[in-house]
Amino acid sequence: MGTMTRTITVTGEGEGAPPVHLHCTDNGGDGPPLLLLHGLAGHSGEWDALAARFTPTHRVVAFDARGSGASTRRPGDVSRATHVRDVVQVAQALRLPASPPANWS
């Protein structure tokens with residue numbers, strides 16, 4: 001499988017809130033998944049070189065957080081809790097295994 005982009009729609013921030021669209025890049029690859037998260041004011045494209053390096057041994061996925069890159073630009077909620085919820089929803093939508101994540105920090 002080569003690189004594929006996909007938009008994942010996640011729930012809004014409250015009753016009646018519009019959904020948020022998250023732009024995802026799935027670089028494919030074999031092996032355990034790596035879900036790459038960019039920093040504040042970043043975008044998923046920052047991971048392209050690293051994704052190319054790890055694709056032979058991992059399934060590498062990155063996405064633009066709400067308010068960044070090609071995702072919904074002005075969402076109502078950009079809190080840490082909402083970001084965590086987005087990460088979980090992206091992982092579920094892409095059917096990434098629920099094994100404990102690696103933490104290389």
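Predicted model: local features only at pLDDT ≥ 70, side-chain atom pairs only at ≥ 80, totals over all residues.

Me: How many bridges join β2 to β4, and what makes them a pair?

Reply: DSSP has to find at least two bridges before two strands count as paired. There are 3 bridges between β2 and β4, so by that cut-off they pair, and they run antiparallel. As an example, Cys 24 stands opposite Phe 63 in β4.

Me: What joins β3 to β4?

Reply: Here 5 bridges link strand β3 (residues 33-37) to β4, and these two run parallel. Leu 37 has Phe 63 as its bridge partner in β4. β3 and β4 also take part, with helix α1 (residues 48-54), in a right-handed β-α-β unit.

Me: Why is β4 called largely enclosed?

Reply: Buried means under 20% relative accessible area. In β4, 5 of the 5 residues are buried, so the strand is largely enclosed by the rest of the structure. Both of its faces are covered by this: Arg 59, Val 61 and Phe 63 point one way, Val 60 and Ala 62 the other way, and all are buried.

Me: Why is the contact of Asp 26 with Arg 59 called a salt bridge?

Reply: The cut-off is a side-chain nitrogen of Lys or Arg within 4 Å of a carboxyl oxygen of Asp or Glu. For Asp 26 and Arg 59 the closest N and O atoms are 2.5 Å apart, so the pair qualifies.

Me: How many salt bridges does the structure hold?

Reply: It holds 2 salt bridges.

Me: How do you know whether Arg 66 is buried or exposed?

Reply: Set its value against the cut-off of under 20%. Arg 66 has a relative accessible area of 6%, so it is buried. Asp 86, at 1%, is buried as well.

Me: What makes up the largest nonpolar core?

Reply: That core has 12 residues in all, including Ile 8, Leu 22, Cys 24, Val 61, Phe 63, Val 87 and Leu 96. β1 (4-10), β2, β4 and α2 each supply at least two residues of this core. Apart from it lies another core, of 5 residues, among them Leu 34, Leu 36, Ala 51 and Val 60.

Me: Which residues does Val 61 touch?

Reply: Leaving aside residues up to four places away in sequence, Val 61 touches Thr 25, Asp 26, Leu 34, Leu 35, Leu 36, Leu 94 and Leu 96.

Me: Finally, why is the protein called as compact as a globular protein of its length?

Reply: From the N terminus on, its elements run β-β-β-α-β-α. Its radius of gyration is 13 Å, close to the 13 Å that the globule rule gives for 105 residues, so the description holds. Along its principal axes, the C-alpha trace spans about 40 × 30 × 25 Å.

Definitions and conventions: Residues numbered from 1 in each chain as written. Heavy atoms only, no water. Buried < 20%, exposed > 50% of the residue type's maximum accessible area, 1.4 Å probe, protein only. Helix = DSSP H or I, 4+ residues; strand = E, 2+ residues; numbered from the N terminus. Right-handed = clockwise from strand over helix to strand, strands pointing away. Core = buried A, V, L, I, M, F, W, Y, C linked by side-chain atoms within 4.5 Å. Contact = heavy atoms within 4.5 Å. Rg over C-alpha atoms; globule rule 2.2 N^0.38 Å.
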